[in-house]
Structure formats: structure tokens, C-alpha cells
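Hi everyone, thanks for having me. Please take a look at the sequence and the model on the screen, and then we'll walk through it together.

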Amino acid sequence: MERLVMHVDMDAFFASVEQLDHEEYRGKPLIVGGLGGRGVVSTCSYEARRFGVHSAMPMGRAQQLCPQGIFIAGNYPRYAAVSTQIFAIFARYSPVIEPLSIDEAFLDLTGMERLMESPRQYAQALKAEIREQTGIVASVGIAPNKFLAKLASDIEKPDGLVIVTKENMSAILEPLPVGRIWGVGRKMGGELAAMHIRTIGDLRRVDHTRLAARLGERMAGHLLALAHGIDERPVAPREQAKSIGKEVTFSENLQSASEAERILLALAEKVGWRLRKAGLKARTIQLKLRRADFKTYTRSRTLPEATCYDEVIYHTAQALFRELKLYRGIRLLGVAASGFDDFTAMSLFSEEEKKENLYEAIDKIKQRFGEKGITKANLIK
Ligand code: TTP
Ligand code: MG
């Protein structure tokens, strides 16, 4: 059966959210990323891209290229909340969704043709809904498979909408550089360039035997199939992780409660940070403790309200630890969180809001200095 796959990707996602939230950033070159010494660009507005700034570039380099740019550290819980809203919209357009990252997903539209006026109209409706509900602009690609759909969403970015059909597929593929094929990085690109293969068109015209002699049968087959627009991979919904945890094994066993609790605090902070990054709150906190003789204990507690706060995670893990009454010869400690709610379910009580603001500030500092940048040492009592 002919498949119909849609790929949706937000434009300059983090930067767009910031421009939405801050009028003064709109229309300006805005760079979101790590502001510390070794910080890199997470993303930047299209205004900044004109100066040659792009994701993963060292911040220093971005500053050289675009001295008039606005540089900010970013606010992950906010991006995660917008992402949750966007994925809720996706869910109304297809029952089969494969998330790829915080701002992009494949939607399988196979067999849904009768529910839509046309694929173009369906994509326009989705784009309009995302824009109305979140203020964010999305680019969409529709094609018979994932490879082509992902290529297509990128072609007219920003605010793109490209539909690849059997008729226009060759014209779209031929001029693209081979680097646009999944799995062709700098090394493989170099190998291909040595064979004078620079575009997907060049690849389509190369002799299969010659390519296989150089790259091996498997790789040659993979590249040629994609170059001809063939990709059988299904849209595969991914199950959300069931728990987020962090554990550490000690080179020397711990011998005191205070040492152990200090470690638990660090672990709780890591788990909280990861929850907030993923836009999740957890209902259950688990403590894991292994003794020198390898005897392992796990204890968990379910909270009255789901949390992503370091201190709640820490105090729960600490209480579980104190109840175990095992203070010596500790070989491993772990803290994990499970039973997720997402951020949109956050309580609106003012106390909660105050905390959220505090955590936004903390996360900003973590963005800047890495996870080690901040430790609420005064929590250790
Ligand atoms: P992308 O979709 O790759 O980039 P983008 O949405 O900013 O821009 P585009 O219009 O080209 O799609 O990534 C989504 C978000 O993920 C991006 O806004 C920030 C984050 N990100 C990083 O933090 N580091 C990275 O290296 C990349 C590529 C993305
Ligand atoms: Mg994007």
C-alpha cells in the first residue's frame, strides 16, 4: 500500500518561543545557548542565521559573527510546556506519532486520505492550529516515506510546506547534496566526494558495483535506496521512558549518613534537572542502595502530588534512606523518579508558581554552567 507520512518541525524552536514571550526580541537576531566559557549555540532566530550563526557553534564564534545579537540562556521548562501543547495537537491529526525531538515528529497519515480534502489542506490546517494555539510556526513535509518527508519539511523552511509525490520526487532529490541522506556525515561525504559524488543526482547515476566495491554492499545498498527515494522504515511510536534515574557506585564504600545524604542531594538534583528538561513531573520516588556485600535494597514512596523539584525528591529519598537505617559500607546509591505527569498538569497555586520561578532561575544557571553550576548546599541539614 502506498504510504503517506508527514514530518512536522518547528522553526527556530527555542528562539521562536522566546520571541513570542519577549516582544523586544522579535525581528532581532536572537541566540539561545550556553553563556559560559565553553557554551555552544542551542539555536538562533532566522534573523541571526543570516549572519552565519547556527546550532552547535561555539558561543564565542557566534558573538564574532553577530556582535549586535541578543544572547540568552534559555528556559527549558517553558519549551517543554510548548512542546507538550504541540504534541497534543499532533495527536488529533494522526493516531500514529513518532516523536523525534522536542520540536519534531512523524505522523503516519496512511489510510487517512478520505478524511482530508487533500494532504496539502490537512497540513495547512495543522500548521494553522499550531500557530493559533501556541504562536509557533511549523514547517511540514509530506511524502510516501520518512526519509522524503523529513527532507521535504526542511526545503522551504521557515513556514514551509512541501509535498513529495512520485512525479516531483526526482526533481527534488537530484540537486540536494549527499550530506542530506541519513548516515552521510563528514567522513562518508568525503569518501563519496573522492568518487565525484556530490549530489543525490550523482549518486543515482553511479554504478552500483563500483559503489559497493568502495563502501561495501550494505552501505552501497542503503545509499542507493535512499537516493532513489526508497525507505521502508515504519512510523514507530516510541514509548515514553518509564523512569528517570541516576545512580553512582563508589570506589570506596561510604561510611557515614552525612556522606550518603550529600550524594543523595546531588542525585536528586540531577533527577530534578532531567525531569524539568523533559517537561515531566513524577509521582513516585525510588531509592536504591547496595551494600559492600552486594545486597541491594530498593524503597519507594508515592507523593500526594507529582513533582520535578530537587528538594522534594531529595527529602523523599532522604526519608527512605533514614528508614533503611543502613549507614555503613554503602557501595552504590541511586535515586529515580517514575509515574509521570507532564508539566501542563502543573498546579496553579501561587506557592507552586513561586517555586517554578525559582527553578527557572536555577535552570538558567545550569544552562550556563552545566549541571555542576549550582548546588543547593544549604539543603543539607
Ligand atoms: P531543530 O529543529 O534542529 O532546530 P530549530 O527548531 O531551532 O530550527 P529549524 O527551524 O532549523 O528547525 O532543533 C529544535 C530545538 O532543539 C532547537 O530550537 C534547540 C534545540 N537544539 C539544541 O539545543 N542543540 C542543537 O544542536 C540543536 C540542533 C537543537
Ligand atoms: Mg526545528
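Let's begin with a question: which atom of ligand 1 lies 3.1 Å from a backbone N or O atom of Met10? It is an oxygen atom of ligand 1. We call that a polar contact, meaning a pair of N or O atoms within 3.5 Å; within protein, one must be able to donate a hydrogen and the other to accept it, and residues adjacent in sequence count only if both atoms are side-chain atoms.

Before going on, a word on the ground rules. This is a predicted model, where local features need pLDDT of at least 70 and side-chain atom pairs count only at pLDDT 80 or more, while totals for chains, interfaces and linings use all residues. Residues are numbered from 1 along each chain as its sequence is written, chains are lettered from A and ligands numbered from 1 in the order in which they are written, and side-chain values use heavy atoms, with hydrogens and water left out.

Back to the ligand. Asp9 puts a polar side-chain atom 2.9 Å from an oxygen atom of ligand 1. Ser42 has a backbone N or O atom 3.4 Å from a nitrogen atom of ligand 1. On its own, ligand 1 has 550 Å² of accessible area, and the protein covers 71% of that (Shrake-Rupley method, 1.4 Å probe; for residues, only the protein chains shown count as cover).

Which residues come nearest? Of the 13 around ligand 1, they are Ala12, Thr43, Tyr46, Arg49 and Asp103; a residue is near if one of its heavy atoms lies within 4 Å.

Now for the helices, which are DSSP runs of H or I with at least four residues, numbered from the N terminus; strands are runs of E with at least two. Helix 12 (residues 257–278) and helix 13 (residues 310–324) pack at an angle of about 140°, their axes 8 Å apart. Axes are lines fitted to C-alpha atoms, for helices over the stretch in contact, and angles run from 0 to 180 degrees between N-to-C directions. That angle makes helix 12 oblique to helix 13: under 35 degrees is roughly parallel, over 145 roughly antiparallel, 65 to 115 roughly perpendicular, and the rest oblique.

Finally, two loops to find on screen. A cis peptide bond, with omega about -10°, joins Lys157 and Pro158, and Pro158 is in the loop between helix 6 and strand 8. His196 is not a glycine, yet has a positive phi of about 65°; look for His196 between helix 8 and helix 9.
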